[in-house]
Amino acid sequence: MFKPLTKILNKSLTTFTFAWCVILSSAAAEKFDISQDINIDSSRQAADLKNKIFSYIDNVLITQGPLVINADLVQVTTDDDKIYLAQGKPATFKHILNDGTPIFLQANTIKYQPSKNTIVFSGNAEFRQEGSKVKGSIITYNFLTEQVNASSNGNDNNDRVSTTLQSKVLDKKK
């Protein structure tokens, strides 16, 4: 009596599990697409409509697919080209590269220009990936090429780009 019901439930459970795994794997492999909507959440917001400046204040969270920016203040100018200027102590940026590798950047100021596929970090800028890090005055990241450039102000010998590479422990059990 229960065997037909058990077969139906097992088949339904298997189908449900497979569907759920497909959904989770596609969500985990989400690739960045510059045309995705940009969502902004904050505690407060204000707008200068005449000058086309929108301000998002306190606990600001910007998301665009796998891209996440956290800041204290974000101002968006919408004249000819949208520019997102985020400030914080520090403002942070998280992103997942196309190969699934996470990157993390932080700085006092983040300037995001979607139309140029770039984001510029300035003031105590730091880039981290898989345990390695780069520190500099200015770090630029390009979404299309997935390239990072770091520079210093060059004002003195103490203002330099600093890199720490994560050493890999080799498996000696081969």
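Biologist: Ser137, buried or exposed?
Modeller: Ser137 counts as buried, at 11% relative accessibility. Buried means under 20% relative accessible area, exposed over 50%, and partly exposed in between, with a 1.4 Å probe and protein chains only.

Biologist: What kind of model is this, and what are the ground rules?
Modeller: This is a predicted model, in which local features need pLDDT of at least 70 and side-chain atom pairs count only at pLDDT 80 or more, while totals for chains, interfaces and linings use all residues. Residues are numbered from 1 along each chain as its sequence is written, and side-chain values use heavy atoms, with hydrogens and water left out.

Biologist: Where is Ser137, and what does Ser137 touch?
Modeller: Ser137 is in strand S8. Strands (E, at least two residues) and helices (H or I, at least four) are DSSP runs, numbered from the N terminus. Leaving aside residues up to four places away in sequence, the contacts of Ser137 include Phe121, Gly123, Ser151 and Asp159; contact means heavy atoms within 4.5 Å.

Biologist: Which backbone nitrogen lies 3.3 Å from a polar atom of the Ser137 side chain?
Modeller: That of Asn153. A polar contact is a pair of N or O atoms within 3.5 Å; within protein, one must be able to donate a hydrogen and the other to accept it, and residues adjacent in sequence count only if both atoms are side-chain atoms.

Biologist: Next, Lys135. Where is that one, and how exposed?
Modeller: Lys135 is in S8, which spans residues 132-142. Lys135 is partly exposed, with a relative accessible area of 36%. Its C-alpha atom is 6.4 Å from that of Thr163, 28 residues apart along the chain.

Biologist: Which side chain meets Lys135 in a salt bridge?
Modeller: Glu126, at 4.0 Å, N to O. A salt bridge is a side-chain nitrogen of Lys or Arg within 4 Å of a carboxyl oxygen of Asp or Glu. Glu126 also meets Arg128 in a salt bridge, at 2.9 Å. Glu126 is buried at 10% relative accessibility, and Arg128 is partly exposed at 33%. Salt bridges that share partners join Glu126, Arg128 and Lys135 into one network.

Biologist: How many salt bridges does the structure hold?
Modeller: Three. Asp58 and Arg44 also form one, at 3.4 Å, N to O. That pair links distant parts of the chain, with Asp58 in strand S3 (residues 53-64) and Arg44 in strand S2 (residues 44-48).

Biologist: Changing topic: how many aromatic pairs?
Modeller: Six. Rings of Phe, Tyr and Trp (its six-membered ring) pair if their centres lie within 6.5 Å; planes under 30 degrees apart count as stacked, over 60 as edge-to-face and the rest as tilted. Phe93 and Phe121 are edge-to-face, at 5.4 Å centre to centre and 65 degrees between the planes. Phe93 is in strand S5 (residues 83-96) and Phe121 in strand S7 (residues 118-129). Phe93 and Phe121 are buried. Tyr112 and Phe143 have ring centres 5.7 Å apart and planes at 70 degrees, so this pair is edge-to-face.

Biologist: Which residues make up the aromatic cluster?
Modeller: Tyr84, Phe93, Tyr112, Phe121, Tyr141 and Phe143.

Biologist: And how does S5 pair with S6?
Modeller: S5 and S6 are antiparallel over 10 bridges; two strands pair if DSSP finds at least two bridges between them. S5 and S6 form a hairpin with five residues between them, and Gly100 in the turn has a positive phi of about 95 degrees.
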